[in-house]
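Thanks for coming. I have one structure to go through today, so please look at the screen.

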Amino acid sequence: MQSPNKQCGSRAKPRSVPESPVRQPASRRSSGCTTSRLPIIGHCDNVSKQGEGRLDLEFQVIMTVAPHVITYLEQPEQFAWNTPTGLRRYTPDGLARTTMGLVYFEVKPEKWLLRKPDLDGKLKDIIRLCEERNAAFSIVSERNIRTGYLLENSIRVWSASQDINQGQIIRACATLERLTFPCRLRTVWDALGDSGQRIANGLIGHKYLAINLSAEMSGATMVGRGRKLWP
């Protein structure tokens, strides 16, 4: 995810420090990324679309099913550092272990970022502390979360992933072994029979299959094998 203000740290080389950075535990909220359960969000009716809590939940759903994300942990730790004016603290909203490396995330509404683009003067130090952990840092807002079909598709495949059991996964993967990937999603649906769309969505949610979640999902969508080994 790119920050709307392009305030995204890049993967950094390890610094020459005598010891690893001290990791302070954070008081985490219970979430689907720590408990493996998330409520199905559905539509945004009667809910503030700018609410920070809602953005956090939406982002968790996306991170749970994103093809390149291996694990996502909400509020993973607390950063603490000394300044001339005293001790400062910061708790990232999330930490993703991805196929491209570690990324810490801050999730904030666009209106908040317009007022405080440097995160209350903490941004420079946050990026430095992330670099010391060999990680990148990225700020995301509703501009990133609600781009294209990303959130809609993420909710769809996450919901389907809750309904598919291990036996169905094993049978579906065995059926799909005869297909050549990448292929059209319609080909996968047809191979899986009457419940093909639901099962395919579940396989995407569990990362046995992979699609571009930001694009419209249709029978013409190209689908490939996901990063998870097939049973």
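I will take the sheet, then the helices on it, then the nonpolar cores, and end with one histidine. Keep in mind that this is a predicted model.

Start with the sheet. Four strands form an open sheet in the order β1-β4-β5-β6, and the pairing is mixed. Which strands stand at the edges? They are β1 and β6; each has a single partner strand, so one side of each has no neighbour in the sheet. On average, neighbouring strands are turned by 25° against each other, with direction ignored.

One pairing is worth a look in detail.

α2 lies across β1, β4, β5 and β6, and it runs at about 155° to β5. Helix α4, residues 123–132, also packs on the sheet, where it touches β5 and β6. The direction of α4 makes about 140° with that of β6.

Next, helix against helix. As a reminder, a packed pair is described by the angle between the two axes and the distance between them.

The pair α2 and α6 packs at about 65°, and the axes are 9 Å apart. The crossing of α2 past α6 is left-handed. From α2, the residues that meet α6 are Glu58, Val61, Ile62, Thr64 and Val65. On the α6 side they find Leu150, Leu151, Ser154, Ile155, Val157 and Trp158. By class, this contact has 8 nonpolar, 2 polar and 1 charged residues.

The pair α8 and α9 packs at an angle of about 115°, with axes 8 Å apart. Here the crossing is right-handed. α8 contributes Leu185, Val188, Trp189 and Leu192, which meet Gly196, Gln197, Ile199, Ala200 and Leu203 in α9. That contact divides into 7 nonpolar residues, 2 polar and no charged.

On to the cores. How many residues does the largest nonpolar core have? It has 44, and those with the most contacts inside it are Met63, Leu176, Phe181, Val188, Leu203 and Leu209. At least two residues of this core come from each of α2 (52–65), β1 (69–74), β5 (101–107), β6 (135–140), α6 (150–163), α7 (166–176), α8 (185–192) and α9 (196–205). The largest share, 6 residues, is from α2.

Take Leu203 as an example from this core. Leaving out neighbours within four places in sequence, Leu203 is in contact with Ile164, Ile169, Ala172, Cys173, Leu176, Leu192, Tyr208 and Leu209. There is also a second, separate core of 15 residues, with Tyr90, Leu123, Ile126 and Phe137 among them.

Last, the histidine. Where does His68 lie? His68 is in the loop between α2 and β1. Not counting residues up to four places away in sequence, His68 touches Arg97, Thr98, Thr99 and Met100. His68 and Lys207 are 139 residues apart along the chain, and their C-alpha atoms are separated by 9.0 Å.

That is what I have.

Conventions. Residues are numbered from 1 along each chain as its sequence is written. This is a predicted model: local features need pLDDT of at least 70, side-chain atom pairs count only at pLDDT 80 or more; totals for chains, interfaces and linings use all residues. Side-chain values use heavy atoms; hydrogens and water are left out. A nonpolar core is a set of buried Ala, Val, Leu, Ile, Met, Phe, Trp, Tyr and Cys residues joined through side-chain atoms within 4.5 Å. Buried means under 20% relative accessible area, exposed over 50%, partly exposed in between (1.4 Å probe, protein chains only). Contact means heavy atoms within 4.5 Å. Two strands pair if DSSP finds at least two bridges between them. Axes are lines fitted to C-alpha atoms, for helices over the stretch in contact, and angles run from 0 to 180 degrees between N-to-C directions. A crossing is left-handed if the near helix is turned anticlockwise from the far one by less than a right angle, and right-handed if clockwise. Ala, Val, Leu, Ile, Met, Phe, Trp, Tyr, Cys and Pro count as nonpolar, Asp, Glu, Lys and Arg as charged, and the others, Gly among them, as polar.
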